[in-house]
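Work through the following exercises with the sequence and the structure beside you. Try each task before you read its solution.

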Amino acid sequence: MYNIILINPPVYDFTCYNLWEKPLGLLNIAAAFERDRRCRLSFIDCMPERLAKKSEYERGAGKLTGIPAPKPECYKNVKRNYHRYGIPLDDLKARLEKIKAEGFAPLNKTAVLISAMMTYWYGGAYEAARAAREILPEAKICLGGIYARLMPEHAAASTLFDYIETGYEIRDICQNILRLLNIAPADTNSGDRDNEGEIYPGGFDLIPAYHLLPELNNSAAMTASTGCPFSCSYCASKILYSEYKIKPAAAIINELTYYKNTLKVSNAAFYDDALLYKKEEHFYIWADLWIKGSGAAGSGFNLHLPNAVHASMIDDKCANIMKTAGFSTIRLGYEFYDDKLQKESGGKVSGGALKSAINNLLNAGFNKKEIGVYILFGHPQSRIDEIKNAVNFVMECGATPHLALFSPIPRTPDGAKIFEAHPETLHEPLLQNKTVFFEMYSDIKYEDYYELKQYIQRNASTM
Ligand code: SF4
């Protein structure tokens, strides 16, 4: 017998939006451990805030409310307020005390698994780790998530963790934790099988354990694939996922059906990096099953793409399938207006491909607001006039520009150049925060950003 306690920690940042995000990694790990009868599982969601605005709740995405927090020294010149998002620390400690009091397995057979998504969110994970150490001193405190995978040395230097997980295969993670606790391996393989009777690879048979979350905000997050075949110089996808893998169509339909019919939420968001890659062999197959099975569009269940999809893959047929399947938020990655910058950074898109994709989406019935295009803001090689050209081009094409704030990501080519020029940004991940990086390390000021955002809003309202 053993205890697994999963903690989605609080977040410290200037601002925090929940665009359908859920602690997917922890929820998948929970789903795997639930298959082992020896495990007593507890989940503490430190970010259970219900979206207050009705329109935001219905859409499943919106702005979170924080409380003012002291600004770390490295942000002292940033003239904006810093916040803590999540339940109070005392509540987190009380939850841990309650789990401890309920008992089950000895405390030395207990692992506390904490995740941290952004590298610059490590403070919330450290806070949760300190609380767990104080209340459960014999437990093994473990860290996972994107911060752990990109910056394991930084996390190790804190000496707060007994184990730092740098992998992403869910069943491997579970076995690593069991090894840490000196527990015999678990059979967490009792899930769905493919046509040959084999367990779906990559943990793709697991449905994230959403029933453990206190608040779903009318939405679920999911993936239909992991990884990306491209290698853009500013992106960590290749580093986080060594290969591109797709989830079997039947597993995707199972998952969507569960969200719609059992959880009864109205929204599902895909966090794939390359949802439309080889669309004939993947997206078209599951989307067709979904359309035939549920009459998705008009059924009151909306699909969203907060992560950009590849514009070059959206032809006429693809746009129509997306519309019929019930997508209502489309995001396309454009990033740079300048052809040279597009090519040098990975060549995933061109102005022509973007224009054609937007045209196909408009013809399929999407409106301008539903088609958002990400433009990289604050990248060291793009200037404010280049960004403004991109904004104008996107609006001319008939879509809505969205400024995606650049931050240097460890182990990416663009990150490496910045860390070489400004080593402090590698040593202190808080300096990688996208909301302040451009202000601190480029000649673009916050006022430029604000002005451009207002320019987009003015034009969007007249479009
Ligand atoms: S195409 Fe998108 S997900 Fe893939 S490497 Fe480029 S930015 Fe990352």
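**Exercise 1.** Decide whether Thr159 is buried or exposed, and then describe its place and its backbone.

Solution. We begin with the neighbour count: Thr159 has 8 C-beta neighbours inside 10 Å and therefore counts as exposed, since a residue is exposed if 12 or fewer other C-beta atoms lie within 10 Å of its own, buried if 20 or more do, and partly exposed in between, with C-beta atoms placed from the backbone. Next we locate Thr159 in the loop between α6 (152-157) and β10 (163-164), where helices (H or I, at least four residues) and strands (E, at least two) are DSSP runs numbered from the N terminus. Finally, the phi of Thr159 is near 55°, which is a positive value in a residue other than glycine.

Before going on, note that this is a predicted model, in which local features need pLDDT of at least 70 and side-chain atom pairs count only at pLDDT 80 or more, while totals for chains, interfaces and linings use all residues. Residues are numbered from 1 along each chain as its sequence is written.

**Exercise 2.** Carry out the analysis for Asn182: is this residue buried or exposed, and where is its place?

Solution. Asn182 has 9 C-beta neighbours inside 10 Å, and so it counts as exposed. The place of Asn182 is in the loop between α7 (170-180) and β11. Its phi is positive, about 60°, although Asn182 is not a glycine.

**Exercise 3.** Describe the surroundings of Ser299, and find which residues it touches.

Solution. Ser299 is found in the loop between α10 (283-294) and β15, and it is exposed because 11 other C-beta atoms lie within 10 Å. If residues up to four places away in sequence are not counted, Ser299 touches Ser294 and Gly326, where contact requires C-beta atoms, placed from the backbone, within 7 Å. Gly326 is 27 residues apart from Ser299 along the chain, and their C-alpha atoms are separated by 8.0 Å.

**Exercise 4.** Find out how strand β14 pairs with β11 and with β15, and what covers its faces.

Solution. Strand β11 (residues 219-222) pairs with β14 in the parallel sense over four bridges, and strand β15 (residues 302-304) pairs with β14 in the parallel sense over three bridges; two strands pair if DSSP finds at least two bridges between them. As examples of partners, Met222 is bridged to Phe270 in β14, and Ala268 stands opposite Leu303 in β15. For the faces, recall that in a regular strand the side chains alternate between the two faces of the sheet. In β14 (residues 267-270), Asn267 and Ala269 are on one side and Ala268 and Phe270 on the other, and all of them are buried, so that both faces are covered.

Definitions and conventions. Two residues are in contact if their C-beta atoms, placed from the backbone, lie within 7 Å.
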